[in-house]
Amino acid sequence: MTYPENFFEWIDFWLEFYKKPTVKLVTYQSCDYNSRTLKKYASNIPLKEIDEYFCQLVLNKMYDNGYAKATMNKIYRIMKQSLWRAKRCGCISDNPTEFLSIPSGYTKNIEALTTEQQTLVELACKKEKLGYLFLFMLHTGLSEWLAILSGAILFPSICASVC
């Protein structure tokens with residue numbers, strides 16, 4: 001078999017051929033989304049040229065752009081798992097992610113809505129044609145990224161009435 005020789009093509013190949021068949025759809029969608037984020041901060045260099053500096057630079061650029069540690073951990077896992085597979089397939093001799101330092105990143109401070117805020121959200125939702133979708137997200141804890149991946153529509157007028 002002929003394997004992709006460049007980083008971006010390898011990530012796409014690994015995601016479709018190795019990752020997708022082994023995880024749930026939502027996990028695959030999350031990996032796909034994060035791999036696109038990874039590509040914004042990496043270069044499409046030949047696999048054989050990827051070294052520890054290259055991988056660390058990707059994480060450092062993300063840190064400099066304000067990404068959360070959780071996101072950088074996801075990007076790190078994608079690089080580690082995909083390059084581990086590249087090593088197993090004989091595309092590279094070593095996995096350069098082995099000794100990376102994941103920057104601390106920032107931690108989001110997420111707080112629950114107050115009773116007053118929740119009442120305002122619920123009232124605003126009742127005025128929207130599809131407000132029940134936002135209420136579903138509110139009551140189930142469905143995350144925003146999952147809602148976006150699922151094609152749900154976020155309602156600016158609801159958010160504006162609460163803020």
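Leaving aside residues up to four places away in sequence, tyrosine 3 touches Trp10, Phe13, Tyr18, Cys89 and Cys91, where contact means heavy atoms within 4.5 Å. This is a predicted model, in which local features need pLDDT of at least 70 and side-chain atom pairs count only at pLDDT 80 or more, while totals for chains, interfaces and linings use all residues. Residues are numbered from 1 along each chain as its sequence is written, and side-chain values use heavy atoms, with hydrogens and water left out.

So where does tyrosine 3 sit? Look in the segment before helix H1 (7-19); helices here are DSSP runs of H or I, at least four residues, numbered from the N terminus. Tyrosine 3 is partly exposed, at a relative accessible area of 24% (buried is under 20%, exposed over 50%, partly exposed in between, with a 1.4 Å probe and protein chains only).

Now follow H1 itself. H1 packs against helix H4 (residues 69-88) at about 85°, and the axes are 10 Å apart. Axes are lines fitted to C-alpha atoms, for helices over the stretch in contact, and angles run from 0 to 180 degrees between N-to-C directions. The two helices, H1 and H4, are therefore roughly perpendicular, a label that covers 65 to 115 degrees. On the H1 side the residues are Phe7, Trp10, Ile11, Trp14, Tyr18 and Lys19, and they meet Ile78, Met79, Gln81, Ser82, Leu83, Arg85 and Ala86 of H4.

Pick out serine 82 in helix H4. Serine 82 is buried, with 0% relative accessible area, and touches Trp10, Ile11 and Trp14, not counting residues up to four places away in sequence.

Next, glutamine 56 in helix H3 (residues 52-64). Glutamine 56 counts as buried because its relative accessibility is 17%. A polar atom of its side chain lies 2.7 Å from the backbone oxygen of serine 101. Beyond residues up to four places away in sequence, glutamine 56 touches Leu100, Ser101 and Pro103.

How far can you trust all this? The chain averages a pLDDT of 86, with 86% of the residues scoring at least 70; pLDDT is the predictor's confidence in each residue, from 0 to 100. Confidence is highest in H1, at 97, and lowest in helix H8 (residues 156-162), at a mean of 46. Over residues 151-163 the pLDDT is below 50, and this stretch has 20 contacts in the model beyond near neighbours in sequence. Where pLDDT is low, the predicted coordinates should not be read in detail.

Note on methods. A polar contact is a pair of N or O atoms within 3.5 Å; within protein, one must be able to donate a hydrogen and the other to accept it, and residues adjacent in sequence count only if both atoms are side-chain atoms. Angles under 35 degrees count as roughly parallel, over 145 as roughly antiparallel, 65 to 115 as roughly perpendicular and the rest as oblique.
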